[in-house]
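Take a moment with the sequence and the 3D view.

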2 protein chains.
Amino acid sequence: MTEVSPLNRYQLAELGSMLAEPARAAMLLALMDGTMRPAGELARVAGVSAATASAHLKRLLDGGLLGLHEQGRHRYFRLANDDVAAWLEAMALPHANRTASSAAARDPALCRARTCYRHLAGQLGVALCEAWLERGWLHAGSDGMSLQPAATDALVSAGFEATPALQLLRLRGRGCLDWTERRLHLGGPLGVAITGAMLDAGWLRRAHRNRALLPTPDGLRRLAKLGVRLDT
Amino acid sequence: MTEVSPLNRYQLAELGSMLAEPARAAMLLALMDGTMRPAGELARVAGVSAATASAHLKRLLDGGLLGLHEQGRHRYFRLANDDVAAWLEAMALPHANRTASSAAARDPALCRARTCYRHLAGQLGVALCEAWLERGWLHAGSDGMSLQPAATDALVSAGFEATPALQLLRLRGRGCLDWTERRLHLGGPLGVAITGAMLDAGWLRRAHRNRALLPTPDGLRRLAKLGVRLDT
DNA sequence: TCAACGCTTCGTTAGCAGCCGAAGCTTTTT
DNA sequence: AAAAAGCTTCGGCTGCTAACGAAGCGTTGA
């Protein structure tokens with residue numbers, strides 16, 4: 001009865017123990033929006049002293065869950081990569097059933113569109129991914145997803161600037177499991193770039209309270225032109 | 001800075017602490033193949049006394065990760081549902097990068113085909129899901145996936161028995177993120193039933209050492225007739 | 001040059017969680 | 001009816017770890 005699995009018991013336990021402390025969990029959740037935050041701010045978010053926070057951050061850093069950017073006397077922490085963000089999103093899976101009954105209690109805006117790390121998730125994210133796959137604008141290969149040249153014309157005519165649109169062709173995307181929709185949306189550098197461009201262009205606005213993204217009326221119109229529609 | 005997320009810090013920490021003990025992690029991993037196992041066996045797998053195992057199992061049960069079947073003086077434990085199995089698979093995400101370099105070191109058979117809970121995963125699982133979606137045999141709606149009547153004829157002519165093939169139409173499937181392929185394969189009751197039928201029909205055999213599924217030459221031929229091919 | 005600042009390291013304390021053996025309960029076997 | 005088997009509960013021990021204040025270190029700004 002040898003143990004052959006993606007993860008052995010010790011790796012799994014190690015990963016679990018990273019989350020097992022509410023203070024660490026709070027820090028990770030705070031970084032889910034893709035921002036970088038200094039240690040002191042994360043200490044406040046977690047509600048612990050600077051000394052305690054420092055130990056927690058070291059632990060998460062050594063564990064490979066966080067990345068670090070040092071600047072003068074500040075140390076900015078961020079999630080290590082979008083695998084970690086996708087993983088944190090997936091942590092909601094065991095709760096999927098229990099909260100399904102109280103689905104209405106969940107923030108509807110959050111279900112409609114939100115950031116997953118730094119790319120678009122929720123109904124809108126899934127709709128975009130599926131629509132573009134169907135139109136052949138996105139190609140899904142074994143090495144991830146990529147934008148097809150045919151898509152750039154449509155993007156430009158919908159309001160994207162020509163240069164950024166062309167640069168998108170070089171970026172790679174990847175599927176990312178959406179916890180509310182249980183289907184894939186577009187993540188990876190490509191997903192980040194597209195989402196960023198839509199924010200810049202004013203198609204989407206960030207909510208203040210949470211990770212929700214609010215599509216503007218103009219944004220909805222332009223998205224519809226690109227085949228992306230919200231069911232409701 | 002209120003905390004609005006699928007999971008709050010305490011839920012996340014609670015979930016993490018379930019895994020944080022190697023003994024509990026070992027038990028969960030042992031149940032990943034979808035089997036039911038009595039407490040005593042899980043104690044042996046985890047390498048702890050019956051008393052300790054009992055406490056761990058109670059914890060996992062209360063936490064909603066395990067299901068229970070009582071029979072006489074035996075208590076059989078299983079994973080609560082396939083959400084939990086999918087979640088455990090997703091736990092490998094943060095390791096995806098690190099192990100990518102040593103990808104060759106991973107068991108190739110395991111990457112090719114394996115059980116995820118009780119349904120087919122790996123290259124073969126993803127290939128089946130994508131091929132059947134493309135052919136219109138599978139329909140993906142917001143409520144999950146379902147088999148279309150058109151598929152049953154093909155299944156029967158490929159060697160499925162007529163009655164089981166018809167019963168499949170009633171079952172619902174769902175996408176399940178594949179940690180090696182980073183794409184969706186077919187899970188849920190429908191995925192379980194199809195995989196089970198293929199095992200019964202001798203298209204696939206279970207490996208002894210691990211969760212790998214070994215396609216037989218005959219099975220490969222029949223799968224190819226159903227549009228399912230391994231890239232290599 | 002000195003003070004303020006941001007963060008980490010050190011040393012200590014307190015509390016929780018895992019572990020086991022023994023005892024108890026229930027079901028099965030003889 | 002008694003013994004065995006499977007599991008849980010109880011009690012006590014041990015070790016780990018999160019917590020904080022104080023001290024130390026490097027950076028920034030006056």
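The paragraphs below go from chain A as a whole to its helices, then to chain B and the DNA.

This is a predicted model, in which local features need pLDDT of at least 70, side-chain atom pairs count only at pLDDT 80 or more, and totals for chains, interfaces and linings use all residues. Residues are numbered from 1 along each chain as its sequence is written, while chains are lettered from A and ligands numbered from 1 in the order in which they are written.

Start with chain A. It has 12 helices and 11 strands. Helices (H or I, at least four residues) and strands (E, at least two) are DSSP runs, numbered from the N terminus. Chain A has 232 residues, and 46% of them count as buried. A residue is buried if 20 or more other C-beta atoms lie within 10 Å of its own, exposed if 12 or fewer, and partly exposed in between; C-beta atoms are placed from the backbone. Now take the contacts in chain A with a separation of 6 or more: residues 24 or more positions apart account for 52% of them. Two residues are in contact if their C-beta atoms, placed from the backbone, lie within 7 Å.

Zoom in on Trp132(A). It is found in helix H8 (residues 123-135) of chain A. Why does Trp132(A) count as buried? It has 22 C-beta neighbours inside 10 Å. Leaving out residues up to four places away in sequence, Trp132(A) touches Trp137(A), Leu138(A) and Ala151(A). Trp132(A) and Ala151(A) are 19 residues apart in sequence, and their C-alpha atoms are 8.4 Å apart in space.

Next comes helix H1 (residues 9-19) of chain A. Its buried residues include Leu12(A), Leu15(A) and Leu19(A). Which elements cover them? The cover includes H2 and H4 of chain A, together with H1 and H2 of chain B.

Move to chain B. Two packed helices are described by the angle between their axes and the distance between the axes. The axes of H2(B) (residues 22-30) and H4(B) come within 10 Å and cross at roughly 70°. Axes here are lines fitted to C-alpha atoms, for helices over the stretch in contact, and angles run from 0 to 180 degrees between N-to-C directions. That makes H2(B) roughly perpendicular to H4(B), a word used for angles of 65 to 115 degrees. At this contact, Ala23(B), Arg24(B) and Met27(B) in H2(B) meet Thr52(B), His56(B) and Leu60(B) in H4(B). These residues divide into three nonpolar, two polar and one charged. Ala, Val, Leu, Ile, Met, Phe, Trp, Tyr, Cys and Pro count as nonpolar, Asp, Glu, Lys and Arg as charged, and the others, Gly among them, as polar.

Helix H5 (residues 82-90) of chain B is largely enclosed by the rest of the structure, because nine of its nine residues are buried. Among them are Asp82(B), Trp87(B) and Glu89(B).

Finally, the DNA. A residue is near a strand of it if its C-beta atom, placed from the backbone, lies within 6 Å. DNA strand C is surrounded by 20 residues, the closest being Pro38(A), Gly40(A), Ala51(A), Ser54(A) and Gly72(B). H4(A) gives the largest share of this surface, six residues. Around DNA strand D there are 21 residues, and Gly72(A), Pro38(B), Gly40(B), Ala51(B) and Ser54(B) come nearest. Here the largest share, six residues, comes from H4(B).

Conventions:
Parallel < 35°, antiparallel > 145°, perpendicular 65-115°, else oblique.
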